[in-house]
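Take a moment with the view, then try each task before reading its solution.

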Amino acid sequence: MSDREELIRNLEALDERLRWLSAWTVHNANHLRESRDGLKVGGHQASCASMSTIMAALYFHALRPNDKVAVKPHAGPLLHAIHYLLGRQSLDQLQRFRGFGGMQSYPSRTKDQIPVDFSTGSVGLGVAVTAFASLVQDYLIAHGAMPESDAGRMIALMGDAELDEGNIYECLIEGYKHDVRNCWWIIDYNRQSLDATTADRMFRRFDDIFETCGWRVVTLKYGKRQLAAFREPGGEALRAWIDNCPNAEFAALTYQGGEAWRARLRADLAGDADAIGLIESFDDAALARLMTNLGGHCAETLVEAFEGAQGEQPTLFIAYTVKGYGLPFAGHKDNHSGLMTEAQIGTLRDSLGIGAGEEWEPWAGLGDNRAAALKRFAEAAPFAAKAPEPLAPPVTVPALAAPAGREQSTQVAFGKILFELAKSGAPLADRIVTTSPDVTVSTNLGPWVNQRGLFRRGELADVFRAAKIPSAQKWSGHDAGQHLELGIAETNLFLALAALGLSAPLFGTRLLPVGTVYDPFIARGLDALNYGCYMDARFLLVATPSGLTLGPEGGAHQSINTPLIGMGQPGLTYYEPAFADELAACMEWAFGHMQAKDGGSVYLRLSTRSIAQAGRSDERWRTGALAGGYWLHEPAGTEAIAYIGAMAPEAIEAWVRLSAERPGLGLLAVTSPDLLHRGWSAATQRRMAGEAGASSHVETLLAPLGAGGRIVTLVDGSPSALSWMGAVRGQRVLPLGLDRFGQTGDLPDLYAEYGLDADAICRAAGALFSSARRIAA
């Protein structure tokens with residue numbers, strides 16, 4: 001046997017082993033493990049089976065140590081089976097699949113015990129992020145942080161139904177703009193989604209779409225057994241029949257088996273003696289094997305394709321497969337969440353020579369010599385030599401000073417702080433990468449880009465500057481640039497931030513990405529934002545302008561619920577500073593938090609509204625501001641006004657008016673309702689667990705108001721962001737904010753209409769405080 005034949009033989013054996021282990025893992029979770037809640041555990045035996053050959057050929061032959069892979073969500077059990085065969089996954093984890101503390105339903109960077117390059121689960125995002133990871137790798141190479149020779153391929157294993165996701169095509173366009181390279185997408189083209197078979201009209205469209213965007217497309221439709229049959233008399237007629245067979249009919253015939261294949265082919269090819277003779281040369285079982293010998297189930301075809309895709313051009317592999325290949329429900333339209341019965345799994349086990357009780361043995365049924373040889377082969381795969389993820393050293397964060405100015409907006413202050421950092425030469429500035437979906441100028445990143453440049457692998461001249469046309473934006477593109485300009489697709493923004501925010505664990509060099517976006521349009525990319533946080537990517541999201549305060553732009557651009565997004569998103573800390581010095585403190589903290597072991601990402605909700613700055617006599621405010629809030633005016637009684645962000649002038653004006661008749665009225669600056677609520681919730685849980693003295697910052701802040709305290713809260717967004725404060729100490733809260741869509745207008749009109757001006761605050765205070773006094777009397 002030649003070395004090539006031995007390679008293919010080993011990969012075929014590993015294919016069978018992966019298909020078995022993935023199927024048994026799902027079977028154990030659903031049929032053998034105790035069920036305490038009666039719920040179906042689930043899993044995807046059919047989806048794993050359609051991809052087992054692809055993953056065997058990829059992981060045990062084609063992958064290099066520096067390659068990174070995003071595995072399609074439903075093939076998660078295959079990934080765990082691969083690591084189990086290599087001795088890097090425990091039996092306990094497999095047996096607790098989808099159980100508490102066990103292997104996750106879908107590959108997870110943060111919750112699985114095996115190494116996972118990219119989390120997957122939200123359809124399409126795990127695919128698209130690989131293109132941005134390729135771009136991050138190019139950025140590091142261009143900036144001298146990685147040798148070109150260490151470049152790996154960023155690979156996505158995807159189901160064909162994921163091609164229905166719009167984020168795939170948004171990413172494809174962005175990748176073309178930035179000349180993405182070293183990226184492979186491998187489609188498990190089984191032509192079945194959760195509900196149905198996929199549309200026949202798409203057969204030949206993916207080639208066109210990807211080739212137009214500069215990708216090499218490699219279609220793996222036929223296996224070697226089919227190709228051999230096509231060379232026989234009547235073979236071309238058989239090929240033509242396969243090419244013209246509708247997806248749904250091919251799937252149904254696959255499920256029905258050899259006898260059905262024979263009857264259909266006899267009928268359709270009647271009159272072609274050579275074709276009929278070819279068909280009759282196979283018995284039913286062999287005919288079924290021939291008709292399902294597609295490229296994605298042929299190890300030799302896959303090996304040749306992977307070896308042939310040399311160079312850095314991005315490559316799409318369309319690997320035709322059968323969903324449920326090798327399982328009793330192969331091809332059935334309902335097999336997506338189908339589970340084999342006890343009898344069916346027993347038949348599969350017996351066919352592999354695995355004895356009862358040996359189901360979890362990695363190499364059971366092979367015989368000692370064959371098992372030892374296959375184990376050696378698997379452990380010698382280049383992928384098996386992959387090093388653990390590197391630990392990137394932290395970057396020192398210098399003190400960030402607030403820009404001078406008696407009146408300024410937080411958005412303008414943000415741009416000035418970054419600009420000063422850009423000029424400073426501090427190591428931190430060299431690690432910052434900014435990005436924005438075509439709102440770079442309007443979110444005040446322009447000065448940073450003027451100083452640091454656009455990132456391009458090729459030179460991009462500033463044509464306007466060369467022509468001596470005056471412009472505030474002096475942008476040139478080069479490989480030392482530090483701003484990644486994106487088109488208007490917020491999903492791409494968050495995927496880029498996710499990839500940049502994983503640079504430390506993926507590539508060993510820490511980058512500190514800063515992304516800007518219009519605050520209301522966070523919602524456009526919310527799934528991708530959640531995805532980045534779930535992977536524990538670290539980035540700073542600066543969303544501006546925000547709220548009704550963006551007056552003339554109207555309701556379409558006025559955000560309402562983004563404070564609640566900031567409070568509800570795990571892995572993301574939300575701040576909404578009012579003053580430039582608060583913003584500087586938050587940014588300084590954010591760059592440290594992004595690097596901390598127990599840190600995360602940060603969201604700053606900023607405003608275009610220029611307001612008078614707070615006069616400070618000392619720095620005592622700073623600690624409270626970073627913890628979520630501080631008293632701008634300490635209370636000496638039971639009444640207070642609490643505000644967030646750009647509402648500071650209205651809150652201060654109302655405080656001045658009310659203080660004359662209500663001495664001791666407090667004024668609370670809330671910089672992070674997120675941190676205040678999170679701290680209170682954590683302290684409550686600790687007390688419930690028996691830690692009697694546990695307390696939180698918000699409890700300390702509100703303590704001076706006493707049990708009879710009354711608070712009017714004010715936010716340029718949903719009033720729910722602060723309405724919960726009444727529950728902290730049983731105090732009364734009257735929350736003001738937005739609960740309906742905005743409209744165009746100037747701020748006096750809008751604030752009056754929506755109950756956010758000083759008059760509204762005074763009315764609310766009069767109603768709330770007076771009722772309290774009547775009750776007390």
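The exercises below look at a pocket and then at a pair of helices.

This is a predicted model, where local features need pLDDT of at least 70, side-chain atom pairs count only at pLDDT 80 or more, and totals for chains, interfaces and linings use all residues. Residues are numbered from 1 along each chain as its sequence is written, and side-chain values use heavy atoms, with hydrogens and water left out.

**Exercise 1.** Find the volume of the largest pocket and describe its lining.

*Solution.* 
- Step 1: The volume of the largest pocket is about 990 Å³.
- Step 2: Its lining has 35 residues, and Arg19, Arg289, Thr292, Tyr325 and Gly326 are the closest to the centre.
- Step 3: Sorted by class, the lining has 15 nonpolar, eleven polar and nine charged residues. Here Ala, Val, Leu, Ile, Met, Phe, Trp, Tyr, Cys and Pro count as nonpolar, Asp, Glu, Lys and Arg as charged, and the others, Gly among them, as polar.

**Exercise 2.** Work out how H1 and H14 are oriented to each other and which residues join them.

*Solution.* 
- Step 1: The two axes, of H1 and H14, come within 9 Å and cross at roughly 115°.
- Step 2: H1 and H14 are therefore roughly perpendicular to each other (65 to 115 degrees).
- Step 3: In contact (heavy atoms within 4.5 Å) are Arg4, Leu7, Ile8, Leu11 and Glu12 of H1 with Ala299, Glu300, Val303, Glu304 and Glu307 of H14.
- Step 4: By class, this contact of H1 with H14 has five nonpolar, no polar and five charged residues.

Note on methods: 1 Å grid on protein atoms, 1.4 Å probe; cavity = no way out; pocket = protein on both sides within 12 Å on 5 of 7 lines; lining within 4 Å. Points joined across faces, edges and corners; volume = space filled by probe spheres on them. Axes fitted to C-alpha atoms, helices over the stretch in contact; angles between N-to-C directions. Helix = DSSP H or I, 4+ residues; strand = E, 2+ residues; numbered from the N terminus. Parallel < 35°, antiparallel > 145°, perpendicular 65-115°, else oblique.
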